[in-house]
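Thanks, everyone. Please have a look at the screen.

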Amino acid sequence: MNIEQIPDNFKRALSISAHPDDSEFSAGGTLAHLAKTGVKVTLVVCTDGGKGGRDVDNITEVRYQEQEAAAALLGIRKVIRLDYPDGELTASDDFRDRLIEIIRQTTPDVIFGHHPQTFYKRHGRMAYMGHSDHRAAGSAMLDAIYPRAGSPNFSPGRGGDPWSPAEVWLFDCEKPDHLVDVSQGFSEKIAALQAHDSQQGAGGGLAEGARRLGHYLGSDSQPAEPFVRLILRR
Ligand SMILES: [Zn+2]
């Protein structure tokens with residue numbers, strides 16, 4: 001797969017992740033690149049992150065503070081917490097309605113989020129298991145985008161006028177079809193991942209994992225992030 005440049009025609013972007021750190025891990029370089037070029041980026045975190053990482057007192061508040069710090073490092077303007085219990089996310093009517101509202105309020109040209117069918121991903125001979133919260137977040141996001149957020153017949157008046165993004169970029173996927181150069185946002189991505197201190201485990205933690213993956217997909221001078229890119233309108 002060729003490494004492509006990130007498009008320069010987006011003005012507003014929305015990234016919807018199940019847990020604190022998911023957007024940074026999968027799309028942090030892309031989001032930092034967009035923010036640097038003047039794109040207004042909003043981040044949605046769907047769960048409270050209460051089951052992640054080490055045994056830390058008051059983990060949801062710790063993770064919220066880490067998420068705010070990480071988002072600031074990426075240049076993200078606003079973080080919206082939905083605070084569903086970690087590990088229990090489903091693509092419920094309530095969850096979908098809240099995403100419809102956010103999409104209509106933020107009017108993104110591009111929406112980033114989890115691929116809804118990822119039960120596992122392979123990198124070389126290794127396999128990485130998918131998370132049920134990620135699939136639920138991806139499913140609710142796609143259901144919110146179409147047919148709902150863009151239609152006046154669904155949730156009328158909620159969040160404002162109907163809105164449809166021009167593109168959807170799915171991350172966290174087994175078979176990506178689009179690889180982008182994130183050399184302009186990679187140092188910010190690594191810094192943002194390091195800000196999630198409660199999630200760092202053995203072997204260098206999140207940042208080292210992302211560094212290896214980015215360089216594996218691209219090169220030391222041109223790290224890359226993979227997506228499934230869906231162009232809905234031009
Ligand atoms: Zn996650």
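Start with helix α2, residues 59-74, and helix α5, residues 186-194. Keep in mind that this is a predicted model. The two helices pack at an angle of about 170 degrees, and their axes are 8 Å apart. Angles over 145 degrees count as roughly antiparallel, so that is what α2 is to α5. Who makes the contact? From α2, we have Ala70, Leu73 and Leu74. From α5, we have Glu188, Lys189, Ala191 and Ala192. Sort those by class, and you get five nonpolar residues, two charged and no polar ones.

Now the other helix pair. Helix α1, residues 22-36, also packs with α2. Here the angle is about 45 degrees, with the axes 8 Å apart. That makes α1 and α2 oblique to each other. On the α1 side, the residues are Glu24, Gly28, Leu31, Ala32 and Ala35. They meet Gln67, Ala70 and Leu74 in α2. By class, this contact has five nonpolar residues, two polar and one charged. Notice Ala70 and Leu74: they take part in the contact with α5 and in the one with α1.

Last, a single residue. Asp109 sits in the loop between α3 (93-106) and β5 (110-114). Is Asp109 buried or exposed? Its relative accessible area is 15%. The cut-off for buried is under 20%, so Asp109 is buried. What does its side chain reach? A polar atom of the Asp109 side chain lies 2.7 Å from the backbone nitrogen of Lys11. Beyond its neighbours within four places in sequence, Asp109 touches Phe10, Lys11 and Arg12, plus Trp163, Pro165, Ala166 and Glu167.

Terms used
Residues numbered from 1 in each chain as written. Predicted model: local features only at pLDDT ≥ 70, side-chain atom pairs only at ≥ 80, totals over all residues. Heavy atoms only, no water. Helix = DSSP H or I, 4+ residues; strand = E, 2+ residues; numbered from the N terminus. Buried < 20%, exposed > 50% of the residue type's maximum accessible area, 1.4 Å probe, protein only. Polar contact = N/O pair within 3.5 Å; in protein donor to acceptor, adjacent residues only side chain to side chain. Contact = heavy atoms within 4.5 Å. Axes fitted to C-alpha atoms, helices over the stretch in contact; angles between N-to-C directions. Parallel < 35°, antiparallel > 145°, perpendicular 65-115°, else oblique. Nonpolar A, V, L, I, M, F, W, Y, C, P; charged D, E, K, R; others polar.
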